[in-house]
Amino acid sequence: MINWTALIKKPVPPKADYNPHNKRYNIDYFMDNFISTEIDEQGLPHHTLSGPRMVHYSENDVIDVTTPYIVFYQKDISPKWSAISERGLTKGNSDRIFLIGKVVIHQLDENGIEMDDMTIFTRNVRIELEKKYAETSQPTTMLSPSGRTDSVGARLYFNEDRVELISQVKGDYVSTGKP
């Protein structure tokens, strides 16, 4: 079940550019400054998707989100992870969203504040919202208090607080002084 918290504003312009080939698609609705919350069977938040603008194209059922911001919640409804990118694309009722361009993923504290425990920088990430899973084949940098790790490609399992670095993994680590 999805709960949209937004108002549809103004009449929609008849056409808008969508792809680099300048094929024109019809916009059948859009929302500005929206927040979408998906809840689980118990009525608790699973994740939110928000952004300054969302546009739906009727011909291909594509939803184009400007600067999408996703927050994943734990079972106790506290926020746990967030992801933000330059742009996001998804299909109407799809469980997947493609984050396009620069992507930053943060671990959050129980109040939804970004922690310094882990921040991941990459590009072009596919997120499966229901599974709380993300992956990319792009160069990835993971920063934590203990150092920096670079790789090509990563898989993130948000429920498990687990990150798999795929290939060409290199790291610089700071000693904590503890044995």
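Which residues does Ile105 touch, not counting residues up to four places away in sequence? They are Trp81, Ser82, Ala83, Met118, Thr119, Ile120, Leu156 and Phe158, where a contact means heavy atoms within 4.5 Å.

The legends below describe a predicted model, in which local features need pLDDT of at least 70, side-chain atom pairs count only at pLDDT 80 or more, and totals for chains, interfaces and linings use all residues. Residues are numbered from 1 along each chain as its sequence is written, and side-chain values use heavy atoms, with hydrogens and water left out.

**Figure 1. Overview of the chain.** The chain has 13 strands and 0 helices; helices (H or I, at least four residues) and strands (E, at least two) are DSSP runs, numbered from the N terminus. Of the 179 residues, 41% are buried. Buried stands for under 20% relative accessible area, exposed for over 50%, and partly exposed for what lies in between (1.4 Å probe, protein chains only). Among contacts with a separation of 6 or more, 39% are between residues 24 or more positions apart. The accessible surface of the chain is about 10400 Å², and carbon and sulfur atoms hold 52% of that area. These areas come from the Shrake-Rupley method with a 1.4 Å probe; for residues, only the protein chains shown count as cover.

**Figure 2. The nonpolar cores.** A nonpolar core is a set of buried Ala, Val, Leu, Ile, Met, Phe, Trp, Tyr and Cys residues joined through side-chain atoms within 4.5 Å. The largest one has 24 residues, and Ile70, Leu99, Ile105 and Ile127 are those with the most contacts inside it. A second core is separate and has 5 residues, including Tyr25, Ile27, Val55 and Tyr57.

**Figure 3. Asp64 and Arg87.** Asp64 is placed in strand β6, residues 62-66. Its relative accessibility is 12%, so Asp64 counts as buried. The side chains of Asp64 and Arg87 are joined by a polar contact of 2.9 Å. A polar contact is a pair of N or O atoms within 3.5 Å; within protein, one must be able to donate a hydrogen and the other to accept it, and residues adjacent in sequence count only if both atoms are side-chain atoms.

**Figure 4. Two salt bridges between separate parts of the chain.** Side chains of opposite charge can pair when their charged atoms come close. The whole structure contains 11 salt bridges, each defined as a side-chain nitrogen of Lys or Arg within 4 Å of a carboxyl oxygen of Asp or Glu. In one of them, the closest N and O atoms of Arg53 and Asp32 are 2.7 Å apart. Arg53 belongs to strand β5 (residues 45-57) and Asp32 to strand β4 (residues 27-39), so this pair ties together parts 21 residues apart in sequence. Arg53 is partly exposed, at 28% relative accessible area. Lys80 forms a salt bridge with Asp161, with 3.3 Å between the closest N and O atoms. This pair links distant parts of the chain, 81 residues apart: Lys80 is in strand β8 (residues 79-91), and Asp161 is in the loop between β12 (147-157) and β13 (162-173). Lys80 counts as buried at 16% relative accessibility, whereas Asp161, at 35%, counts as partly exposed.

Figure 5. Glu128 and Arg126 form a salt bridge whose closest N and O atoms are 2.3 Å apart. Salt bridges with shared partners join Arg96, Arg126, Glu128, Lys131 and Glu135 into one network. Glu128 is buried at 7% relative accessibility, and Arg126 is buried at 18%. Strands β10 (residues 114-128) and β11 (residues 133-144) pair in the antiparallel sense over 6 bridges; two strands pair if DSSP finds at least two bridges between them. The bridge partner of Arg126 in β11 is Glu135, and the bridge partner of Glu135 in β12 is Arg155. β11 and β12 pair in the antiparallel sense over 10 bridges, and a hairpin of 2 residues joins them. The hairpin of β10 and β11 has 4 residues between the strands, and Lys132 there takes a positive phi near 55°.

Figure 6. Most residues other than glycine have a negative phi. Asn124, in strand β10, is not a glycine but has a positive phi of about 50°. Asn124 is partly exposed at 35% relative accessibility. Gln168, in strand β13, is likewise not a glycine and has a positive phi of about 50°. Gln168 is exposed, with a relative accessible area of 60%.
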